[in-house]
Amino acid sequence: MSLAKATSERERRDLVTREVMEESRLIRFVAGPDGQVVPDLARRLPGRGLWVAADRASVETAAKKGLFARAAKAPLKAAPDLPDTLDKLLKKRCLEQLGLARREGVLISGFEKSAAAIRGGRAVWLIEASDGSADGRGKLLGLARHQVPPPGICGAFSAEELGLALGLENVIHAVLLAGGRADRWTEEVQRLAGFRALRPGSWDQATPSGGAGAGAESGSGEALDGRGSGS
């Protein structure tokens, strides 16, 4: 059994609901030297772990009701912006995972390459820029609906954020392929989903109802070597 899998199967008790659940569904916190609650997303900081379900409402409840201090039996304080801090930290971790996936050759970008991966049933996640064109996105989402099993869909990052993470320009479409990196990404992005929508609500109004066709979006072929325009 891999270390990542073993970690995801450990169980801890949520401070808010008292429910026992897998670590992958929780966020670990520790007491900082200044009496502040410190997020430990990598689960490596020393000290007793304080575990809360990975969603904004649970973290807010734990902070407002003093559950961190109660569990630690110490006068801990949680910063008012703790949920927003977690959102930013989790987003950063997800983007870092995508950068690693690209370097490992298990993330491909560009409309045509993404479409081919989906048609071949190789996509674990379809990652679309939140500010990308509805036309190309609609076509890939249409293809994704026909893959068995369908890939996860993520639209939580802008084209600029994806480009910076991947070392490319104007990244609109990307596909994460199966493997250990995809497992790690899935765990990270599912925690992020507790703090922000992975799929913008505007997509439901803007995405064409068709979209299962194979036509390429004009100017959407950003490539791994960074030469594509990726509109």
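The model is predicted: local features need pLDDT of at least 70, side-chain atom pairs count only at pLDDT 80 or more, and totals for chains, interfaces and linings use all residues. Residues are numbered from 1 along each chain as its sequence is written, and side-chain values use heavy atoms, with hydrogens and water left out.

Start with the sheet. It is open and holds three strands in the order S4-S3-S5, with antiparallel pairing. Strands are DSSP runs of E, at least two residues; helices are runs of H or I, at least four. Pairing requires at least two DSSP bridges. Strands S4 (37–39) and S5 (50–53) form the edges. Neighbouring strands are turned by 40 degrees on average, direction ignored. Strand S3 (residues 26–31) joins S4 over three bridges. There, Ala 31 stands opposite Val 37. Helix H2 (residues 56–64) packs on the sheet and touches S3 and S5. Contact means heavy atoms within 4.5 Å.

Now go to helix H8 (residues 180–192), which contains Arg 191. Arg 191 is buried at 1% relative accessible area, where buried means under 20% (1.4 Å probe, protein chains only). Not counting residues up to four places away in sequence, Arg 191 touches residues including Leu 26, Ile 27 and Leu 41. A polar atom of the Arg 191 side chain lies 3.3 Å from the backbone oxygen of Leu 41.

Last, the cysteines. The whole structure has zero disulfides, a disulfide being a pair of cysteine sulfur atoms within 2.5 Å. For Cys 94, the nearest cysteine sulfur is that of Cys 154, 7.0 Å away. Cys 94 is buried at 0% relative accessibility. Cys 154 is also buried, at 0%.

Definitions and conventions:
Buried < 20%, exposed > 50% of the residue type's maximum accessible area, 1.4 Å probe, protein only. Polar contact = N/O pair within 3.5 Å; in protein donor to acceptor, adjacent residues only side chain to side chain. Axes fitted to C-alpha atoms, helices over the stretch in contact; angles between N-to-C directions.
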